[in-house]
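The following note is intended for a colleague who is new to this entry.

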Amino acid sequence: MRLEVRDLAVERGDRLLFSGLDFALDDGEVLQIEGHNGSGKTTLLRVLCGLGVPSEGEVLWNGRPINRVRGDYFVDLNYVGHAHGVKGELTALENLGVDRALGRAHPNMDGETALDELAMGNYEDAFGRTLSAGQRRRVALARLFAKQARLWVLDEPFTALDRKTRADLEALIHRHVSGGGMVIVTTHHEMALHECVVKNLTLGL
Amino acid sequence: MNSTVAANEPRLAQAFVTLLRRDLLLAFRRPAEIANPLLFFVIVVTLFPLGIGPEPNTLQTIAPGVIWVAALLASMLSLDGMFRTDFDDGALEQILLSPHPLSVLVLAKVIAHWMISGLPLILLSPLLGLFMNLPAESIVALVLTLLLGTPVLSLIGSIGTALTVGLRKGGVLLSLLVLPLYIPVLIFAASAVEVAGVGFSIAAQLSFLGALLALALTLAPVATAASLRISVS
Amino acid sequence: MNRFVAWFHRWGSPKHFYDMSGRWAPWMAGLFFLTFIPGLYYSLIGSPPDYQQGESARIMYIHVPAAWMSMFIYAVMAIAGAVTLIWKMKLADIVAQVSAPIGASFTLLALVTGSLWGKPMWGTYWVWDARLTSELILLFLFLGYIALTTSIDDKRQAARAGAVLALVGVVNLPIIHYSVEWWSTLHQPSTVKVMGKSAIHMSMLIPLLLMSFAFKFYYAWVVLISARAEVLDRDKGTRWAEEAAGEKGR
């Protein structure tokens, strides 16, 4: 699997955020994106997911433009954005059930074990609206395990998490990458990812 | 080996049913959103006898148009909820990132919307027919036209909702976009109710409504899917 | 085929369009006056009054071409919308967006002239005639398009949303038109049609054709100059746009 970006230019409103962006990401690699507020980190992630449209250039999945191979690409894509889509009127488990049905359900993990991975096992039947912001984010992150996908795209995943969960998430990212997965993450957090290929990209220089 | 691979491959039917169930579940856990448009429907129709006078013949003449116009407005009210909350909390992005064809997933949401907003309207309509002094034949025609017409309203409405979901003041704009497109449904349906009252056949009107439904069913989900991708970008 | 693609691409380039439209606009203006002045003469003076409707029939020479233009422009917007969505051509979306107000104006013109004509014919300014009703709904569609595209801030997003709406509208237009026609025969079977099915005499056909060509040239002229301004505005900050604007200023 290979995600490749060629000569990408992205605008927001009338303002050019960046242009001429090239990079590629292969199995077992992490891309850490940094940049000051408003430098276009989230916009870039959305373009990488096919949610946003670049003004120039293209995003390729295994050599083909992502909007041509949406089905193949999305099956291997797990996106946890800033608005993470945990419904307040559904329980944690119901939320994950919907995610599993929409994508490729993980063969060895169900919703419950996925919640366990983020230490949310005791909140299976709690409604989304009764959870704290950090807990909701953990439910959203549990999607990474409920759904099996090669590429994780995470927008500021460490915000609203306590120190313990941050360490857990780091370990989980490490495990995913060691198993051949790919991760794209925006964060200012220094991640301790030993023996992983970590690429860095700084926007808005 | 092969069987395990096949077991967790994403299945469209499962995604469709899950999404439909999810939307129904969400609606039942927020029952006000079902009840309010219905209440609106009943109150608007009740206003007409009060405004025009309770003369039975007058009521009977205006009833088909009044009930149908009220149904259009009630459906407008409920439309905004179709994608709005999902857009706000990010769940819509997850649906857009599903490997399944978006138009089919959209159809599941539209069907759920119709079951929440259209179906109760149909069940209530005989009562309003009685209020407006409609003869029994017209009430039957009213139910039949609503049965064929309200799904068209949900389908066409979904396009407008998808186009305006990203805008803060989408509500008024939505009615401007969608109401003109509702006109054919209004014309055929109201005419069927009226004509049935004087004992004519309504086969022609019903077949037009059926044709509109078939057309909307095939084209609207595609347009809605395209509009959603535009609105999130 | 290749030559066509190359031609298509060249028109897609803003700079090329700016240069070409500058050259074409005066020609369109010239053609407009060349058809409009004799068209007016034949409409008002050179043609005989209608034997049934008298002098008021002359309003048809404005009303009918305006109604044709309103539908023509909506079709142009839908085609431009398809081009925007399929080939992501900037120019197509500019054409669609500058066309919308012009189309709405022609629709309004058709409605006003239709209702002015209705006063002597029907004794009232408004009758729910099928054509007038369809025209009114068309006006709503134009206004809906304008309202949607102006309330979306991002220009590319506005263009794509407008394109979808125009396409949905163009699929619905025949259905709306047909259902309104059906509705009107149901409710008032014997009104005087705005345009009868009877054969038009040559002396009336000449002004009608002249006026309809004049309106087309007028549309082409206005689209060219307003699209030219829009192209410049969207590319402001680029070198060619600054140079072009500078030339004007000097």
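1. Ile33(A) stands opposite Leu201(A), which lies in strand 9 of chain A. Strand 3 (residues 29–34) of chain A pairs with strand 9 of chain A in the parallel sense, over 6 bridges. Two strands are taken to pair if DSSP finds at least two bridges between them. Helices (H or I, at least four residues) and strands (E, at least two) are DSSP runs, numbered from the N terminus.

2. The model is predicted: local features need pLDDT of at least 70, side-chain atom pairs count only at pLDDT 80 or more, and totals for chains, interfaces and linings use all residues. Residues are numbered from 1 along each chain as its sequence is written, while chains are lettered from A and ligands numbered from 1 in the order in which they are written.

3. In chain A, an open sheet of 5 strands has the order 6-7-8-3-9, with parallel pairing. Its edge strands, each pairing on one side only, are strand 6 and strand 9 (197–202) of chain A. On average, neighbouring strands of this sheet are turned by 15° against each other, direction ignored. Helix 5 (residues 133–146) of chain A packs on the sheet and touches strand 6 and strand 7 (151–155) of chain A; its direction makes about 175° with that of strand 6 of chain A. For such angles, axes are lines fitted to C-alpha atoms, for helices over the stretch in contact, and the values run from 0 to 180 degrees between N-to-C directions.

4. Chain A also has an open sheet formed by 4 strands in the order 2-1-4-5, with antiparallel pairing. Strand 2 (15–26) and strand 5 (64–65) of chain A are the edge strands. Strand 1 (residues 2–12) and strand 4 (residues 56–61) of chain A pair over 5 bridges in the antiparallel sense. Within this pairing, Ala9(A) has Glu56(A) in strand 4 of chain A as its bridge partner.

5. How many residues of chain A are in contact with chain B? The number is 26, and they meet 25 residues of chain B; contact requires C-beta atoms, placed from the backbone, to lie within 7 Å. Helix 3 of chain A gives the most to the side of chain A that touches chain B, with 5 residues.

6. Chain B has 10 helices and 0 strands. Its radius of gyration, taken over C-alpha atoms, is 19 Å, close to the 17 Å from the globule rule for 233 residues, so chain B is as compact as a globular protein of that length. The globule rule is 2.2 Å times the number of residues to the power 0.38. The C-alpha trace of chain B spans about 70 × 35 × 30 Å along its principal axes.

How values were computed:
Contact = placed C-beta atoms within 7 Å.
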